[in-house]
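Colleague: Please take me through this model and say what each label rests on.

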Amino acid sequence: MANVVVTGTVKKVMLDDRDSNRGMYKSEIEIKRVLKGENVVNQLANFIDPVRQHKMVMVDGFGDPHICENEVHVADTKIFLLNKGYNGELRLNSSILPITVVNLNYAEAVVKDVSVA
């Protein structure tokens, strides 16, 4: 259901002024790999790391009580399932997945609409 599926590393965690009373926050994510939604990521990338040449994007919706497994910390590297939010930023769509071979294979298969054995 996500329009954007990426792997990335959390670089910054910031309170979202609009949602601080609900415990929600946003994070700056350094994109390592785009599995789905390359055009959206290219459109919303706000900075490219000059050393590693990775795109940086803002993602909001962390701490959302409607999504399980939605907490991140600086230096976490995860699989993020995202949608383009109403404010022009990417928004968390569902639980964050740890990066494992199984999760990467599953995410790639789902994005490519291939059955997973």
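**Strand pairing and the pocket**

Modeller: Strands E5 and E6 (residues 90–92) run antiparallel, joined by 3 bridges. This is a predicted model, so local features need pLDDT of at least 70 and side-chain atom pairs pLDDT 80 or more, while totals for chains, interfaces and linings use all residues. Residues are numbered from 1 along each chain as its sequence is written, and side-chain values use heavy atoms, leaving out hydrogens and water.

Colleague: What makes E5 and E6 a pair?

Modeller: Two strands pair if DSSP finds at least two bridges between them. E5 and E6 have 3 bridges, so they pair. Leu82 stands opposite Leu92 in E6. The two strands form a hairpin with 5 residues between them, and Gly88 in the turn has a positive phi of about 85°.

Colleague: Which strands are joined to E5 by bridges, apart from that one?

Modeller: E1 (residues 4–15) is joined to E5 by 6 bridges and runs antiparallel to it; Val6 has Phe80 in E5 as its bridge partner. E7 (residues 97–98) is also antiparallel to E5, with 2 bridges, and there Lys78 is partnered by Pro98.

Colleague: How does the pairing go on from E1?

Modeller: E1 is joined to E2 (residues 25–36) by 10 bridges, again antiparallel, with Gly8 opposite Ile31. E2 in turn pairs with E4 (residues 55–62) in the antiparallel sense over 6 bridges, where Asp60 is the bridge partner of Lys26.

Colleague: How many helices and strands are there?

Modeller: The protein has 2 helices and 7 strands. The labels are DSSP runs numbered from the N terminus: helices (H or I) need at least four residues, strands (E) at least two. The order from the N terminus is β-β-α-β-β-β-β-β-α.

Colleague: Why is Lys11 called partly exposed?

Modeller: Lys11 has 31% relative accessibility. Buried means under 20%, exposed over 50%, and partly exposed in between (1.4 Å probe, protein chains only), so at 31% Lys11 counts as partly exposed. The residue lies in strand E1. By the buried cut-off, 43% of the 117 residues of the protein count as buried.

Colleague: Which residues is Lys11 in contact with, neighbours within four places aside?

Modeller: They are Glu28, Glu30, Arg52, Met56 and Val74, contact being heavy atoms within 4.5 Å. The C-alpha atoms of Lys11 and His73 are 8.5 Å apart, with the two residues 62 apart along the chain. For the protein, among contacts between residues at least 6 apart in sequence, 62% join residues at least 24 apart.

Colleague: What lines the largest pocket?

Modeller: There are 13 lining residues, and Met1, Val5, Leu81, Val110 and Val111 lie nearest the centre of the pocket. Strand E5 (77–84) and helix H2 (101–112) are the elements that give two or more residues to this lining, and H2 gives the most, with 4. A pocket is an open set of points on a 1 Å grid over the protein atoms alone, where a 1.4 Å probe fits and protein lies on both sides within 12 Å along at least five of seven lines; a lining residue has an atom within 4 Å of a point.

Colleague: How much space lies in the largest pocket?

Modeller: About 230 Å³, the volume being the space filled by probe spheres set on the points, which are joined across faces, edges and corners.
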